[in-house]
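Please keep the sequence and the model in view while reading the numbered points.

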Amino acid sequence: MKLAIVGTSDSAKDAPYNDPSWEIWTLGRNHVWIPRFDKWFELHSLKVLLKAKTQQIYYDHLKTSGDKLYLVEPRFDCPDAKIFPKQEIIDKHGKYFTSSIAWMLIHAIEQNPEKIGIWGVDMRGDNEYAHQRPCIEYWLRMAQDKGINLYVHPTSSLLNGPSYCDDTYYDILDMIPIAKEA
């Protein structure tokens, strides 16, 4: 089994939607364009979604996702949704989960697929991604340690930094301003 975790950045459009050997797991605003999905994850509580003023079209999508939908809490308007096994995962792996993608990734690892692919999860910038990226990389390493093959889209910053032992790393250091002693 091959699992594609599809986020919401531009490289999501490159995911293997036309290849039936891949199971597609996704989330977020992809509902307006995604050609197919096998699992949809909405791991925010209703309270958070209401505070974010989530659009009605997204709620309508959730209500029509049936048993492909994973939620963190039961909802009367999504009776076929599965409840994400958050507490079981915490009991087994601890509480280091800083994003929906991290939760999806550990859930994928527990399925023991032959391969996990990551599209649309670029994790660039210094905003919320700055604290989410290390957590996702932590779980990607766990997947590698379990012998799961990984594919990360080349535009992603995940597992993609300058190597300490090459000239690129030192070129970056030269660009960082260093305060001079007074």
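**Note on the sheet, the cores and selected residues**

1. In strand 3, Leu27 has Phe41 as its bridge partner. Strand 2 and strand 3 (residues 39-42) run parallel and are joined by 3 bridges. Strands here are DSSP runs of E with at least two residues, helices are runs of H or I with at least four residues, and both are numbered from the N terminus.

2. The model is a predicted one: local features need pLDDT of at least 70, side-chain atom pairs count only at pLDDT 80 or more, and totals for chains, interfaces and linings use all residues. Residues are numbered from 1 along each chain as its sequence is written, and side-chain values use heavy atoms, with hydrogens and water left out.

3. The chain contains 6 helices and 7 strands. Along the sequence they follow the pattern β-β-β-α-α-β-β-α-α-β-α-β-α.

4. In what order do the strands of the open sheet lie? The 7 strands are arranged as 5-4-3-2-1-6-7, with parallel pairing; two strands count as paired if DSSP finds at least two bridges between them. Strand 5 (82-83) and strand 7 (149-152) each have a single partner strand, so one side of each lacks a neighbour in the sheet.

5. Strand 6, helix 5 and strand 7 together make a right-handed β-α-β unit; right-handed means that, with the strands pointing away from the viewer, the path from the first strand over the helix to the second runs clockwise.

6. Helix 2 (residues 56-63) lies across strand 3 and strand 4 (69-71), at about 130° to strand 3. Helix 4 packs on the sheet and touches strand 1, strand 2, strand 3, strand 4 and strand 6, its direction making about 155° with that of strand 2. Axes are lines fitted to C-alpha atoms, for helices over the stretch in contact, and angles between N-to-C directions run from 0 to 180 degrees.

7. The largest nonpolar core has 31 residues, and Leu105, Ile116, Ile118 and Ile136 have the most contacts inside it. Helix 4 gives the largest share, 8 residues. Such a core is a set of buried Ala, Val, Leu, Ile, Met, Phe, Trp, Tyr and Cys residues joined through side-chain atoms within 4.5 Å. Buried means under 20% relative accessible area, exposed over 50%, and partly exposed in between (1.4 Å probe, protein chains only).

8. Beyond its neighbours within four places in sequence, Ile116 is in contact (heavy atoms within 4.5 Å) with residues including Leu3, Trp22, Leu105 and Tyr151. Apart from this core lies another, of 19 residues, among them Ala4, Val6, Phe37 and Leu62.

9. The structure holds 0 disulfides, a disulfide being a pair of cysteine sulfur atoms within 2.5 Å. Cys78 counts as buried at 6% relative accessibility, and Cys135 counts as buried at 0%.

10. Asp67 sits in the loop between helix 2 and strand 4 and touches Asp80 and Lys82, not counting residues up to four places away in sequence. The C-alpha atoms of Asp67 and Trp40 are 9.2 Å apart, although 27 residues separate the two along the chain.
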